[in-house]
Each structure stands twice: as C-alpha cells, then as structure tokens.
Amino acid sequence: METIPSRFVVTSLDHKLTELRVDGLAADWYRRSCEILRGGDRGLLLYKLVRQRQDGTHPLVILDVGTARGFSAITMARALHETDVGSVYTIDVIDHHDARSWQVKQQQSPEPLAGMTLSRSEIWRRWYPREAELVTPIKGQSWAVLGDWCYGPIDVAFIDGDHSRTAVSKELALLSQFMAPGGVIVLDDYFMEATVLRVRSRYVNRLANSIGKRIRGPWPSASRRLRLGWDNEFILVKQKFSGIKAAVQEFLVDQQGGWALEVIRMPERGGSDHEDYSGYSLALLTKT
Ligand SMILES: C[S@@+](CC[C@H](N)C(=O)[O-])C[C@H]1O[C@@H](n2cnc3c(N)ncnc32)[C@H](O)[C@@H]1O
C-alpha cells in the first residue's frame, strides 16, 4: 500500500515558474490586479498552470473555490482569454451581486476600492469585462456545488475557500472524482506563518547595551554583530499550520497513490527565505 509520499518535491516559486515553459502574465496587468482585486504572486503560478494546459485538444474546465473579489478567477480567465477556449467556474458563499465594502483593515498596498461599496459583479464589469465573460460565478458552499458537479472533467482547480481540515477534506474527496487525467489541484496556504511578534523596547535595549558593554571588553568585534543601539528589535515567529496540510495528507493516504504532491514556497509572507518548506506555501496535487 502506498501512503504519503515520503519524499515529496519542494520547489521555490521562481523555479516552478521557469519550469512552466509558457509566457507569464503581463507585468502591468498583474500589478493593477494585485491592487484592485487584492492579489499576490499566486496569480503568477495560476496563470502559467492554465496556459500550460492549453494544448488545443479541448476547452479547459477551470474551478476556483473561494472567489472573494475574484483575483484568482479573473487571472485564470485572463489565461483562457489568450485562446478564448474554456471556462472558469468560481464558487463562493457571497452572492455575485451582493454590494459590500471590500476594504481590508491595515492594508499596506494601494487600495483603489477604499470607501466604495460595490458588488463583485460591478467590480468585474468596471475593470475586467473581457475576462468576466469566461467566468461563471456560482453561489453556495463548495461541497454542495461540487456534489452536483456537471461541467465536465476539471483541468485546473484552485482551492482557497474555507481553510479548515474538514472543509478541505470534503472538497478533495469530491474533486478527486472530477479531475481530468493530468489535472492539477492547487491549494492555497498549505503552510502559513501566523504570529510575528516584534518587540522594540527601551528597557530591553538598555539591558542589551549593558550586556554589550561587558562583552565589548574581551571581544570588541562582537559589538558589531550584536548591533547594539536604540533600534534593537526582537522578533518571535510562531508558525501555524492551516488545516490544509492535514487534509492533503489524509487525502493521499485515502487515495493510495495516483497523485504527485509538490509544495511551492511563495516569496510573500517570508516563504522563500526558508530552506525547508515552512512559511507561506501552496500545494500542487497532480493526478498522475
Ligand atoms: C481567501 S478568500 C479567496 C481569495 C481568492 N481566491 C483570491 O485569490 O482573491 C476566501 C473566500 O472563500 C469564501 N468561502 C469560505 N468558505 C467557503 C465555502 N465553504 N464555500 C464557498 N466559498 C467559501 C469566502 O467567502 C471568501 O470570499
């Protein structure tokens, strides 16, 4: 019996993007969509994965679970747009015409939707009319929609809805019945960093300085390495694993083979700094 692959592949985003030998997203379009739709470098990967599957043999069927403003759905539709063949089906519990404020608290990057109350359908009509033609929004719980799936074998699926282990387990069990041969399931937040605690303290620094003074005597060069001064910063990082890792591993055991797992380390949120596969990562499950 084959269980979890003991040596699954861990790849950096850059490496994976180079490996996918298709054109990438236009830089201007990507940058603007990151602002309007609150996207990130997952879009670079999704775009190329869709482009790579375009071999002209059949219209592609793309699934997106968790639409939100629609960054992933619209980016994959952008990839389809190059050939105009295929459809993106995107599922969310939020209605397509439900007007709301999409502004995120403590947003650092520019937020063009600040102060606006818009439905997703209005956002798409205003900024992405051509891509939106290739997207079918479906309202509902992902597992309920997948339970009645009637749009044909799925070539690329992006799972980014309810991040709990139970939800993702249900989604994977249903999806496994509908994936096309060679189809790929991408799961966001396979690993994610959760808590970063930064301490800047005058008192801690005073203590560090007094320790430093003592150390500086016998080992003068240590002062430079300790970087003593008022800007000392102590950073504690606590790693939290989403339910997705557990759900994926359970799925691989249940399936007893037939799937390849690749973990992609993402530069956002510190993923690429790590030599191992901790930090923000995506998982790719390819039906072999
Ligand atoms: C992290 S956001 C998705 C972001 C989006 N993929 C993107 O790239 O911009 C998660 C979304 O999943 C939706 N969601 C959560 N649980 C869901 C479920 N069980 N079924 C469908 N959608 C769900 C939420 O309403 C939310 O809009």
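User: Taking a nonpolar core as a set of buried Ala, Val, Leu, Ile, Met, Phe, Trp, Tyr and Cys residues joined through C-beta atoms within 7 Å, how many residues does the largest one have, and which have the most contacts inside it?

Analyst: In this predicted model, the largest nonpolar core has 60 residues, and V50, M76 and V186 are those with the most contacts inside it. As background, nonpolar side chains in soluble globular proteins tend to be buried together.

User: What is V186 in contact with, leaving aside its neighbours within four places in sequence?

Analyst: With those neighbours set aside, V186 is in contact with L46, L49, A157, F158, I159, L282 and L284.

User: And the residue next to it, L187, what is that in contact with on the same terms?

Analyst: L187, which is found in strand β6 (residues 179–199), is in contact with I159, I244, V248, L282 and A283 once its neighbours within four places in sequence are left aside. L187 and V248 are 61 residues apart in sequence, while their C-alpha atoms are 9.0 Å apart in space.

User: Why is L187 buried?

Analyst: The cut-off is 20 or more other C-beta atoms within 10 Å, and L187 is buried because it has 26 of them within that distance.

User: OK, V248 then. Which residues of α11 are buried?

Analyst: The buried residues of α11 are I244, K245, A247, V248, F251 and L252. They cover an arc of only 165 degrees around the axis, which puts them on the same side of α11. The face turned away from that buried side carries the exposed residues V253 and D254.

User: What should the 13 residues of α11 span, at 1.5 Å a residue?

Analyst: Helix α11 (residues 243–255) should span 18 Å, and its end C-alpha atoms are 18 Å apart, which agrees. The helix is followed by Q256, whose phi is positive, near 50 degrees.

User: Which residues are buried in helix α8?

Analyst: In helix α8 (residues 165–175), V168, E171, L172 and L175 are buried. Seen down the axis of α8, these buried residues fall within an arc of 95 degrees, so they line one face of the helix. In general, an α-helix has 3.6 residues a turn, so residues three or four places apart point the same way.

User: And how many residues of α4 are buried?

Analyst: In α4, 10 of the 11 residues are buried, so this helix is largely enclosed by the rest of the structure. The buried residues of α4 are F71, S72, A73, I74, T75, M76, A77, R78, A79 and L80.

User: Switching to the ligand: which residues come nearest?

Analyst: Of the 18 residues around the ligand, G66, F71, S72, G161 and D162 come nearest. The elements that give two or more residues to the shell are α4 (71–81) and β3 (86–92). By class, the shell has 8 nonpolar, 6 polar and 4 charged residues.

User: Between α4 and β3, is T83 buried or exposed?

Analyst: T83, whose place is in the loop between α4 and β3, counts as exposed because it has 12 C-beta neighbours inside 10 Å, and the cut-off for that class is 12 or fewer. The C-alpha atoms of T83 and G56, which are 27 residues apart along the chain, are separated by 8.8 Å.

User: Back to backbone angles: what is the phi of R38 and of D189?

Analyst: R38 has a positive phi of about 55 degrees although it is not a glycine, and D189, also not a glycine, has a positive phi of about 55 degrees. For context, most residues other than glycine have a negative phi.

User: Where are they, R38 and D189?

Analyst: R38 has its place in the loop between α2 (27–36) and α3 (42–53), and this residue is partly exposed, with 19 other C-beta atoms within 10 Å. D189 lies in strand β6 and is buried, with 22 other C-beta atoms within 10 Å.

User: Last one, the whole protein chain: how many helices and strands are there?

Analyst: The protein chain has 11 helices and 9 strands, and 33% of its 288 residues count as buried. Among its contacts with a separation of 6 or more, 77% are accounted for by residues 24 or more positions apart.

Technical notes
Residues numbered from 1 in each chain as written. Predicted model: local features only at pLDDT ≥ 70, side-chain atom pairs only at ≥ 80, totals over all residues. Helix = DSSP H or I, 4+ residues; strand = E, 2+ residues; numbered from the N terminus. Expected span 1.5 Å × (residues − 1). Arc of directions from axis to C-beta. Near = placed C-beta within 6 Å. Nonpolar A, V, L, I, M, F, W, Y, C, P; charged D, E, K, R; others polar. Contact = placed C-beta atoms within 7 Å. Core = buried A, V, L, I, M, F, W, Y, C linked by C-beta atoms within 7 Å.
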